[in-house]
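Here are some notes to read alongside the model. Take them one at a time and find each residue as you go.

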Amino acid sequence: MLTGSRTTFKVRQMVPDVKDRMLSHSGHHTRGRDMFGLCCLPGECVLQRAVLVRKKLSAKEGGGWLSGTLFCTHFRVAFVPQDSPKPDDNADPVLLGDHDVALASIEKVVAVGPSRTKLVTPNSSLKFTPEELVLYCRDLRVLCFLFDRLTPDTQAVEITYTIAKTYQPLKAGTILSFQNAALGSIEMKQFLSNRRRDPDMNWFENTSDWEQELERVGATGWRVTSVNDRFEMSTSLSRFNVVPQKVLDTELKKTFAHFNEGRIPRWCWRHPRGSDLLRMASFQNNIYHEKDDIRNLELVLFGVQQVCVVVDLGEEMPSTADIQLAHTRLRALCLGDISASVSVPDDKWLSTLEGTHWQDYIRCCLRKAAEVACLLRGGHLTVVLQEPEDRDMNCVVSSLVQVMCDPHCRTVAGFQALVQKEWIMAGHRFLSRINYHRDSDKEEAPVFLLFLDCVWQLWAQFPSRFQLSGDYLLALHDSLHVPLFSSFLANCQRERSRRSQHLAQSYTPVNGLRELPQGSPQDPCDPPLPPVWDWALQYSSQRRAHFTQPVTQPACPPPLLNGNLNTNLDPHRHVDGMAGSVFLLSRGSFSSPSNLLPWRSGAGSGSGYRKSHRRAPSAEMLPGLERLLRACSLSEAGPEPHEPLLPLLLGPCVKVWRDCYLRGALHAQAFTHPMPSSMLHPVEQLAWEVQQLREKLAQASTTSSSSSCSSSSSSPSSSRTSDTLHIRRESRRSDSNLNQNANNGTFLFPSSRSASHQPPGPRGGGGGVHPATPPKAASRPPAVTNASPQPRPAGRDGPKHTFLFGHQPDNRPAQRYIPAPHTKPSRSRSSSSSGGSSGISGSSLQ
Amino acid sequence: MLSLGSGGAKQTPKASFVSYVTPEEINPEKEPPKKERYPDLLPGEVVFCSASPILKYTQDELSQRGVFGTLVCTNFRVSFISDEVQAEDTIQHFKNKLYGENDIPLMCVDHIYGGYDDKKKLITCTLLKNKCPSKIIIHCKDLRVFQYCLTFTDEKDARKIFQGIVHHCLESKSLKCVFAFSYNANNAEMQRKGRTVMFDSIDDWAQEMKRTKGACRLVVENQSSELFQRLPQYFFVPTNVTEEDIQNAKKFNGKGLPIWCWSHHSGCALFKTAALPLMQEDPIPQAYMEKMLNAVAQNYLYSVKTEDLSDTLPSLQEVQLSYTKFKQFFLIDNSTEFWMSDVKWFSSLESAGWLDIIRQCLQKAVEVVECLEKENTNVLIMEEEGSDLCCVISSLVQLMLDPYYRTLTGFQSLVQKEWVAGGHNFQDRCNHLHLKDKEHMQTPVFLLFLECVWQLLQQHSPAFQFSETYLTVLSDSIHVPVFSTFLFNSVQQRVSMMTAKSPQTQRGPLNCPTVWDWSVQFDCRAQEFFINPLYTDKLRVDKLTKKSHRPKHTRQLSLPSSAFKTPPKKGFFKEETDSLKKMLRVKRLSRWMLSPDASPQASTAREFYEAWLRRPLDYHGVLLPLLDGPAVRVWMQRYLRWIPEVQICGGGNVALTNRLAELQGEVRELLRRLERQCGGGIDGGGPHHANAAAAHHHHLYDNVGPLPHLRRSSVRLSSSFPFASIRNWPFKPAIPTSMLQGLFVSDPDNMADREDEYTETISLV
């Protein structure tokens with residue numbers, strides 16, 4: 001309780017009048033810490049501060065309480081631990097520290113007094129001094145701060161007020177002020193505009209990006225069209241779309257009118273067996289089909305194949321309202337809210353969970369995606385996902401299919417490209433669905449969160465088939481709730497590009513924060529808002545290191561020739577099938593209703609297409625879905641990379657994403673193991689051990705025993721001086737860890753030997769990890785050094801498609817944890833790991 | 001379903017059959033070797049009857065695929081010997097040496113159903129008048145389900161085998177008929193699995209007392225169980241219980257006598273007792289009880305809390321009822337049934353109440369831990385028999401407090417101490433003998449305990465040396481009538497059975513192994529699955545942190561010393577005795593707690609629990625379970641392992657285990673190379689260290705030794721790996737198709753109903 005008393009006096013002397021609002025503009029000492037340890041962002045100002053606050057740590061952070069100082073700026077609620085190390089002044093600012101929360105993601109502020117709790121709203125007044133402050137966040141986190149007895153009462157009251165008044169935009173549109181606060185200063189803008197984009201992921205922003213994707217999956221017969229370059233054809237579609245080569249742009253222009261919102265069938269992905277995945281909106285029925293149009297329509301729809309299966313997602317999938325309701329219920333269940341005093345008794349938890357239907361919807365999406373995946377696997381089909389608007393469930397299903405089928409989409413870069421392609425560019429209405437502005441309550445629906453949960457289910461069932469980790473999914477989940485990223489702040493590409501051109505982003509002094517006039521003079525040269533993929537902006541390198549799993553799938557995918565696997569494996573080919581047959585997949589069975597394609601059912605006689613088209617195609621031609629699924633489930637023998645991951649969807653197999661939904665619930669904070677993703681932990685440890693051993697071996701073979709270095713003595717002190725939390729977590733990890741690790745430390749690095757066996761010069765910091773506490777940073781190679789802002793190149797170092805197509809030697813993936821003994825720290829993944837760890841110990845020594 | 005009679009036999013095989021030979025083909029060919037197709041009999045095993053060809057259905061939906069073979073009933077098991085030759089790559093890595101995957105030990109049979117036409121009828125009486133069913137469905141206690149089709153067999157044979165099975169499985173029998181008495185393996189002189197303390201000698205008990213640094217008096221008078229039938233041979237009582245008291249206790253049949261379970265390092269101890277019914281009128285038992293309580297109190301600091309478990313925990317009948325409901329969800333005749341249950345999976349699980357009973361037991365154990373750990377008071381738990389829920393709670397408390405019991409041998413010793421030597425009525429609770437008059441006593445108490453342990457294990461896996469697989473195997477072994485461990489009601493019964501020579505039965509003294517001799521069931525490689533690779537050894541941690549190695553029980557510095565604490569307590573006790581006396585008139589003993597009303601008690605436990613949560617988790621210190629809704633889970637490995645639909649093919653834990661094994665193999669390989677390199681003599685100390693390291697690692701990674709070669713074998717692994725191989729993977733889509741109908745077609749009414757409930761909750765939130 002009184003551990004911080006010495007500091008108290010200090011603080012009190014330094015701040016004689018605590019009643020004053022501390023408007024310490026950090027502009028005077030930007031990029032440094034203010035005197036109380038908060039490392040302000042450029043242009044950020046502190047509105048209120050409270051000293052001697054303790055933060056309750058979640059189980060993942062190690063549990064217990066951490067004392068420090070609580071700040072409220074006009075961008076975030078920040079907590080600085082008492083004895084946190086001085087941050088590196090040269091390091092890039094991270095928008096949110098490990099203990100911080102953006103104001104915009106706070107949902108509720110609850111003050112806990114001696115005898116009661118009160119929900120604090122901007123207008124309410126406190127009649128008691130809060131002892132505890134609980135912040136409920138939209139991303140299902142719960143932050144709990146405890147005021148010490150020595151915290152001045154006024155500070156406790158004031159900071160509660162300040163947070164309550166600042167956290168929520170009061171009226172529609174005030175979200176802008178938040179963005180201004182976050183990114184408003186000149187310096188911040190400069191900083192942002194200087195940021196490099198991750199060159200390793202595909203952004204799908206220009207023609208070459210799409211072409212690259214076509215090349216990656218080996219799709220032939222398709223081309224990128226820029227007919228929608230000025231959003232004239234469809235406002236919600238992206239600039240560039242992939243259509244069959246046979247259709248000319250002039251012909252293509254006429255097809256837009258036949259589809260809802262002009263969302264024509266567009267190519268998404270090609271299965272290695274030669275099936276194409278397309279997506280489209282529903283048909284416009286009240287339109288006259290001209291002869292010429294019909295040919296183009298057919299061409300656009302069928303692509304390069306003869307058989308087309310339309311998968312209708314309109315009816316069977318949950319509606320957005322359903323999803324929203326389910327999510328609301330799930331939140332209510334998982335977020336034990338002390339102010340509401342309604343809690344589900346433990347023995348009713350499961351049935352309440354069932355009653356939310358959230359998991360039913362997950363199963364529904366996964367099931368549909370699995371069906372489509374199996375269908376695609378059949379080969380030589382065009383599968384078209386159809387949804388009335390083509391902006392919600394189509395996104396979910398098409399991206400799930402790709403996650404299931406394409407190993408590339410299970411890497412971080414591939415997954416980001418996938419989201420970029422199927423959500424951001426495809427025009428998922430992020431802005432309305434997330435409802436940042438609180439002005440589209442009816443449209444609000446966490447469709448993207450549903451998708452993330454689906455991916456998590458896949459990840460939980462097939463952890464070894466993913467390169468990305470649960471932490472990555474969680475980070476993406478959380479950043480959806482911070483209204484800062486261009487990725488999520490628009491409903492379509494058109495809006496996004498308009499916004500980035502002229503957005504009110506002028507710096508305003510804090511006094512005028514809430515009086516900011518809407519539509520203030522706009523600065524045209526503002527940099528666009530950052531994309532969400534700029535992870536270095538949000539997360540420290542330690543946290544980013546957890547985004548990938550230490551070891552990826554060892555079995556490297558066999559090279560694909562032109563993207564087409566030998567489809568002879570499958571007896572049900574339809575090469576010579578009737579040209580232009582179209583089927584509807586609905587409720588698990590195929591049919592071919594006559595009105596499926598409106599232009600066919602309409603003026604049938606005398607139309608331009610061949611006669612055979614009018615013959616009702618029989619569903620017999622397609623192998624039954626059951627058989628397709630069976631073939632899939634049977635052939636899933638080995639870890640063949642192109643075989644779809646078919647998740648099990650039975651009740652016992654669909655799990656709760658505990659790390660996400662249950663981390664906030666106060667009663668469940670100690671829920672998980674204190675180490676993140678405990679299941680994987682041994683793997684990390686072993687990977688680390690392998691790395692160490694290889695280093696050892698390299699040393700032994702080079703017999704450079706003469707060069708001894710002192711890092712063995714310096715590294716323990718370095719780890720001691722690094723972040724307290726870090727150490728805390730680390731020590732927790734190390735004693736809760738595997739004995740392998742412990743032994744590794746004890747046996748592989750006895751101090752007597754380490755002196756004579758240190759690696760030469762440059763890798764000293766990395767190699768000289770002290771036996772007792774192998775720092776976390778060393779145990780997994782940190783993602784990047786401080787200098788490079790983008791996440792680590794995901795598990796590969798060549799050009800993008802090597803992951804899938806490259807002829808990799810067998811031990812290729814293992815290289816991630818094998819530092820090449822004598823390479824210089826360059827772009828190579830392996831050396832960046834040792835370089836990174838040396839960077840860390842080096843920086844903490846300063 | 002297959003039609004009855006000859007019509008069925010003439011059916012042409014369906015294309016989906018795995019191995020299908022028409023009966024016409026079988027009958028002439030297989031007739032001569034029929035009698036030879038017996039399983040490898042265990043020593044002492046005798047075949048009662050057999051029949052062939054029998055079609056064993058694979059668990060599947062309506063398609064009646066199956067395998068032909070011979071059904072044999074012996075005095076140990078019901079065995080099915082497939083005509084099919086086992087494929088090369090389907091060698092099981094986790095083979096039970098006693099019974100194969102198609103064998104059912106007789107004791108393991110839970111229910112037998114007869115399939116008549118399309119109806120399923122539970123067979124209860126063993127005298128079967130009605131005609132022989134076309135199908136036998138056997139539900140096992142380890143949750144396997146077997147379906148045998150009798151229509152292809154000779155009418156007479158079918159009747160014989162059916163009656164044989166029913167008779168030998170369901171008929172009440174005497175203990176002497178249990179297979180353990182016939183089993184005479186020649187490894188009779190088995191060395192006792194050295195390290196498991198059996199608690200059948202004074203030494204074992206004294207050792208245990210010494211280990212826990214307790215101070216209680218050993219009672220040896222019951223050595224031949226003359227004094228008290230229900231009490232162990234040797235037991236400890238508080239030092240203040242006099243000789244006279246023990247003689248006194250005879251009147252009450254040993255009830256009320258506080259039996260020592262475990263001593264906390266502070267000095268306070270846990271006692272259990274069978275509750276003595278206290279009548280208002282009768283002063284004698286009251287005086288006796290008071291004396292006993294005083295004796296317990298004087299064990300340490302003059303404080304005692306009593307906990308009447310029958311008041312606060314569900315009754316044994318409730319436990320049994322709930323388990324019966326619960327297991328029904330996992331005994332699946334065909335997959336369709338399982339899919340139907342899928343839509344309501346969670347709520348149906350919950351309605352059985354089994355998970356809640358587990359939660360309550362864990363909760364109770366936490367409360368007791370709080371008394372011992374935080375308040376340092378002696379605790380006396382009691383219930384009617386003193387050997388059911390008392391055992392559950394006391395074992396759980398010891399598991400939570402004492403890291404020794406979280407090791408494999410420690411755990412086995414604990415079971416031996418509390419359950420086997422402690423006199424749990426295994427025979428009656430499991431109703432091994434199918435006695436009609438004991439049916440009401442059947443309750444899976446020991447399974448309940450294992451369930452609680454599993455919950456702890458899955459929440460804090462690095463704290464336990466044994467694995468989930470170990471617990472699952474242990475729960476299966478209860479029903480293997482080879483081991484003496486779970487066969488008897490009391491030590492006394494065991495001793496008399498083991499030593500008595502009864503010439504009329506022509507059977508020598510019982511000489512069967514204990515369950516702890518795992519080599520009887522599994523070979524060394526399979527036994528390696530019992531070890532949790534995540535376990536962190538205390539010694540290693542200590543070595544790492546340069547702490548001196550401390551004995552398991554040392555006073556923690558953070559605790560207040562007893563010298564400081566004693567005086568106020570003593571003063572307190574004076575008042576307490578008065579109130580004790582006062583309250584002795586009240587029947588309910590649980591109200592004798594130091595804080596008389598229940599709510600502060602609950603709140604202090606809550607406080608303690610939260611304080612524990614706040615502290616960093618020490619896997620070698622106090623370990624408490626998490627109890628909230630999502631934390632208590634279904635023991636998937638035990639309950640769902642035989643249901644192919646929930647086995648994730650190539651995913652789940654197996655994938656990770658494989659990865660671990662690969663990495664470990666790599667580490668080993670690297671170590672070897674390093675050793676070789678260093679052996680070249682780079683520096684003087686090098687080879688030595690490397691050798692030590694290598695040796696150590698070998699020792700470590702041998703834990704998971706059998707795994708590395710798995711990845712090379714062509715066996716397809718699923719998430720229920722050691723138990724069910726994927727071989728019987730049905731030709732079914734991996735995706736339930738019925739789900740959606742349930743969701744969107746049949747549910748709207750329900751959804752509307754629920755909507756109302758929900759709007760309430762949500763509006764409140």
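**Notes on the predicted model**

1. Start with charge pairs. Counted over all chains, there are 43 salt bridges. Keep in mind throughout that this is a predicted model.

2. One pair links distant parts of the chain. Arg295(A) forms a salt bridge with Glu251(A), and their closest N and O atoms are 3.7 Å apart. Arg295(A) sits in helix α7 (residues 291–302) of chain A, while Glu251(A) sits in helix α6 (residues 249–255) of chain A. The two are 44 residues apart. The cut-off for buried is under 20%.

3. Now look at a covered pair. Arg270(A) and Asp276(A) meet through their side chains in a salt bridge, at 2.9 Å from N to O. Arg270(A) counts as buried because its relative accessibility is 5%. Asp276(A) is at 0%, so it counts as buried too.

4. The next pair lies within one helix. The side chains of Asp360(A) and Arg363(A) form a salt bridge with an N to O distance of 3.2 Å. How far apart are Asp360(A) and Arg363(A) in helix α10 of chain A? They are three residues apart in this helix (residues 358–377), so about one helical turn separates them. Asp360(A) is buried at 7% relative accessibility. Arg363(A) is buried as well, with a relative accessible area of 5%. Elsewhere, shared partners join salt bridges into one network of Arg263(A), Arg266(A), Arg279(A), Asp390(A) and Glu422(A).

5. Turn to the nonpolar residues. In soluble globular proteins, nonpolar side chains tend to be buried together. Here the largest nonpolar core has 314 residues. Which residues have the most contacts inside it? They are Phe415(A), Leu396(B), Phe411(B) and Phe449(B). Helix α10(A) gives this core its largest share, 13 residues.

6. Zoom in on Leu396(B). Leaving aside residues up to four places away in sequence, Leu396(B) touches Cys361(B), Leu362(B), Ala365(B), Phe449(B), Cys452(B), Val453(B) and Leu456(B). There is also a second, separate core of 35 residues. Its members include Cys216(B), Leu227(B), Phe228(B) and Met289(B).

7. Strand β1 (residues 46–56) of chain A is mostly covered. Ten of its eleven residues are buried. β1(A) pairs with strand β2 (residues 65–73) of chain A in the antiparallel sense, over eight bridges. Within that pairing, Ala50(A) has Leu70(A) in β2(A) as its bridge partner. β1(A) also pairs with strand β8 (residues 142–147) of chain A, again antiparallel, over three bridges. There, Lys55(A) stands opposite Phe145(A) in β8(A).

8. Move to a helix pair in chain B. Helix α9 (residues 316–328) and helix α11 (residues 345–352) of chain B have axes that come within 8 Å and cross at roughly 160°. α9(B) and α11(B) are therefore roughly antiparallel to each other, since angles over 145 degrees count that way. From α9(B), the contact uses Ser322(B), Lys325(B) and Phe326(B). From α11(B), it uses Leu349(B), Ser351(B) and Ala352(B).

9. Chain B also holds an open sheet of four strands with mixed pairing, in the order β11-β12-β14-β13. Which strands stand at the edges? They are β11 (259–263) and β13 (304–308) of chain B; each has a single partner strand, so one side of each lacks a neighbour in the sheet. On average, neighbouring strands of this sheet are turned by 20° against each other, direction ignored.

10. Stay with that sheet. β13(B) and strand β14 (residues 378–383) of chain B pair in the parallel sense over five bridges. Glu307(B) has Ile381(B) in β14(B) as its bridge partner. Helix α13 (residues 389–401) of chain B packs on the sheet and touches β11, β12 (269–274) and β14 of chain B. The direction of α13 makes about 150° with that of β14(B).

11. Finish with chain B as a whole. Its secondary structure comes to 27 helices and 14 strands. Of the 765 residues in chain B, 61% are buried. Among chain B contacts between residues at least 6 apart in sequence, 74% join residues at least 24 apart.

Terms used. Residues numbered from 1 in each chain as written. Chains lettered and ligands numbered in written order. Predicted model: local features only at pLDDT ≥ 70, side-chain atom pairs only at ≥ 80, totals over all residues. Heavy atoms only, no water. Salt bridge = Lys/Arg side-chain N within 4 Å of Asp/Glu carboxyl O. Buried < 20%, exposed > 50% of the residue type's maximum accessible area, 1.4 Å probe, protein only. Core = buried A, V, L, I, M, F, W, Y, C linked by side-chain atoms within 4.5 Å. Contact = heavy atoms within 4.5 Å. Pairing = 2+ DSSP bridges. Axes fitted to C-alpha atoms, helices over the stretch in contact; angles between N-to-C directions. Parallel < 35°, antiparallel > 145°, perpendicular 65-115°, else oblique.
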